[in-house]
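Please open the model in your viewer, with a cartoon display and residue selection ready, and follow the stops below in order.

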Amino acid sequence: MTTTTTAAPATDNDDELPRPEGTGGAGDPFDQDVLPTPPGATASLLRSLLAPMRARVAFTTVLLLLQQAAVQAGPLLVAYALDTAVPAFRDHDHGPLIAVAVGYLLCALLSGGLQFAFIEASTRVSQDVLLDLRGRIFRHAQALSVDFHERYTSGRLISRSTTDVESLRELLNEGLQELVTVVLSFVYISAMLLWLDLGLGAVAVASFVPLYVLVRVYRRRAGRVYRARSTAIAAVIVKFVETMNGIRPVRAFRREAANDAEFAVLNRRHERTNGDALLEMARYVVGSRLVANTAVAAIVLWGAYRVASGSLALGVLAAAVLYLRRLYDPIDRLGMFLNSYQSAAASLEKIAGLLAQTPTVPEPSAPRELPSPKSEFPGREVVFDGVRFAYRTGGVVLPRFDLTLPAGQTVAVVGSTGAGKSTLAKLLARFYDPSDGRVLLDGVDLRELAVPELRRGVVMVTQEAFLFSGTVADNIAIGRPDATREEIERAAKAIGAHEFISALPDGYDTDVRKRGGRISAGQRQLVSFARALLADPAVLILDEATSSLDVPGERAVQRAMSTVLRGRTAVVIAHRLSTVEIADRVLVMEHGRIVEDGRPDELIAGTGRFADLHRAWRDSLA
Ligand SMILES: Nc1ncnc2c1ncn2[C@@H]1O[C@H](COP(=O)(O)OP(=O)(O)OP(=O)(O)O)[C@@H](O)[C@H]1O
Ligand SMILES: [Mg+2]
């Protein structure tokens, strides 16, 4: 469609980011990045993703619990060795020391094995979750209405299903392990310390208070930084995709330098947010080290004093210091976890925002079928009943109107650029629903019509003839997937596409994306005509569908049209008035209104807009 490139004004603001220099206005991708995510949507998305995995998540948690128990037994064995086994050894009792050595080895083996089992199990869980999530994003985005895609660019969708899903992967693969390990370490270690010696344990536990404050502050600050970072990377991707999609106009208008400059701003901003994130992390690590080292120093000082005075066993002090040192690692890992948590939370919020979008053109809740055809012809009656239409992002494009297209009629719609012709067509194809009123197909409101019925009922061919990857035959068969090769060729022949297709390297089996399979704009239009013809719809809409064809090509299509359109209801939009010759009726649109309506010969004979247009066109031919 030609109209989908209309820039939509900014909708959502990401207030947390300063605007970059040199960008701004409606085209600034930053304005539209974050869809307002309804409260609770993120949590309920996470719940729905994890709910089917509950048992497996519980199993992996148990593995981790056991693994931690094995790991944390180490210092306890050291304390036992120093205070019991070594004295026993002195008394020629080798048993305890051997037991300690064997115990240590067993713990090491056990913790290794359990860790392996845990990694395997948790990776499976995260794979399944992400598989599910990416599938949901694709299905949902595909189901959303055209107006959503006009606002939410493909770059943004790409960043949702790549970087955002990846950051969730990080959280699930590593982050959760970090979190469980950290919590368990804290619990075990505090319990052990308190059990070994209440006083030393109390000092250690007291040091958790400043740590807690540190974590809180880090969480808040990192959350801001990570949201900004994820918005910034999305903007980089959006700019990238947009530029490469529009590479032809970029070249044609020598936009490269300007694009480079704009991209550099976005790229730098992304790097800056990366730097900010690292800086926050560094602050956190330094702060937490400081607290932990202070606690170790206090315990060593006080413990040494008590060992000297005989009120504390050396082994207990050694174990206490070992345990406390073991806290360093989890504290750093808590930082890592918060990192991946923040970045995953920001991503999940955006994904939840996307998934919370509902189609503005929803599928009917109680779908209706079309009544059985009144005649042998496929055509059906179209009624616009009190229809008024405004795009979500603009003013009224079509003021209230009524229009009836009898079954089987071929109607040409002409009018100046921006008059609303394509909008009328898109309402009939149900790309949009009218703001007021109804569009009826044989008396059934399009909003109530079952989706397969609508798909068979109305087919629109636009100027932008899109080909999917696959062969030429595949592309034609999209109109009717169960069509045979004969039917495909018959459709191509009817429209005059057979000759050029046969001349391609592999004929109908030529891959349209491969070298040699590249076909011209006019040829693409012929393929999409054949596709529409094969679909055999009741209502066929042609919006500038022959605009890329040369005059003989257009003539050929027109000759074919008189057979193709026979008995079908057809809406033909064209600037070239030659197309109008096959029409039974002409509508002239201006500023969203139908200003003339009649048989072509009547209008030409009259004194209205169409007569003027036609005269000008005749003169231009002379
Ligand atoms: N997706 C959109 N969002 C907002 N406004 C739109 C959108 N598409 C079209 N419009 C506006 O609606 C009006 C009618 O557009 P429409 O595409 O129907 O015109 P048209 O008659 O088909 O023009 P043309 O001959 O150039 O194809 C224009 O003013 C246009 O700016
Ligand atoms: Mg148009």
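Is the crossing of α14 and α16 left-handed or right-handed? Keep that question in mind while you select residues 485-495, which form helix α14, and residues 521-535, which form helix α16, in this predicted model. The axes of these two helices come within 8 Å and cross at roughly 120 degrees, which makes α14 oblique to α16. Looking along the line that joins the two helices, you can check that the crossing of α14 and α16 is right-handed.

Next, show side chains where the helices meet: on α14 the contact is made by Glu 487, Ile 488, Ala 491, Ala 492, Ala 494 and Ile 495, and on α16 by Leu 526, Phe 529, Ala 530, Leu 533 and Leu 534. Sorted by class, this contact has 10 nonpolar residues, 1 charged residue and no polar ones.

Now turn to the sheet, an open one of 6 strands with mixed pairing, whose order is β6-β7-β8-β3-β9-β10. Select 458-461 for β6 and 593-598 for β10, and you will have the edges, where each strand has a single partner, so one side of each is left without a neighbour in the sheet. From one strand to the next, the twist averages 20 degrees.

Within the sheet, select β3 at residues 410-415 and β9 at residues 585-590, which pair in the parallel sense over 5 bridges; here Gly 415 stands opposite Met 589 in β9.

Notes:
Residues are numbered from 1 along each chain as its sequence is written. Chains are lettered from A and ligands numbered from 1 in the order in which they are written. This is a predicted model: local features need pLDDT of at least 70, side-chain atom pairs count only at pLDDT 80 or more; totals for chains, interfaces and linings use all residues. Side-chain values use heavy atoms; hydrogens and water are left out. Axes are lines fitted to C-alpha atoms, for helices over the stretch in contact, and angles run from 0 to 180 degrees between N-to-C directions. Helices (H or I, at least four residues) and strands (E, at least two) are DSSP runs, numbered from the N terminus. Angles under 35 degrees count as roughly parallel, over 145 as roughly antiparallel, 65 to 115 as roughly perpendicular and the rest as oblique. A crossing is left-handed if the near helix is turned anticlockwise from the far one by less than a right angle, and right-handed if clockwise. Contact means heavy atoms within 4.5 Å. Ala, Val, Leu, Ile, Met, Phe, Trp, Tyr, Cys and Pro count as nonpolar, Asp, Glu, Lys and Arg as charged, and the others, Gly among them, as polar. Two strands pair if DSSP finds at least two bridges between them.
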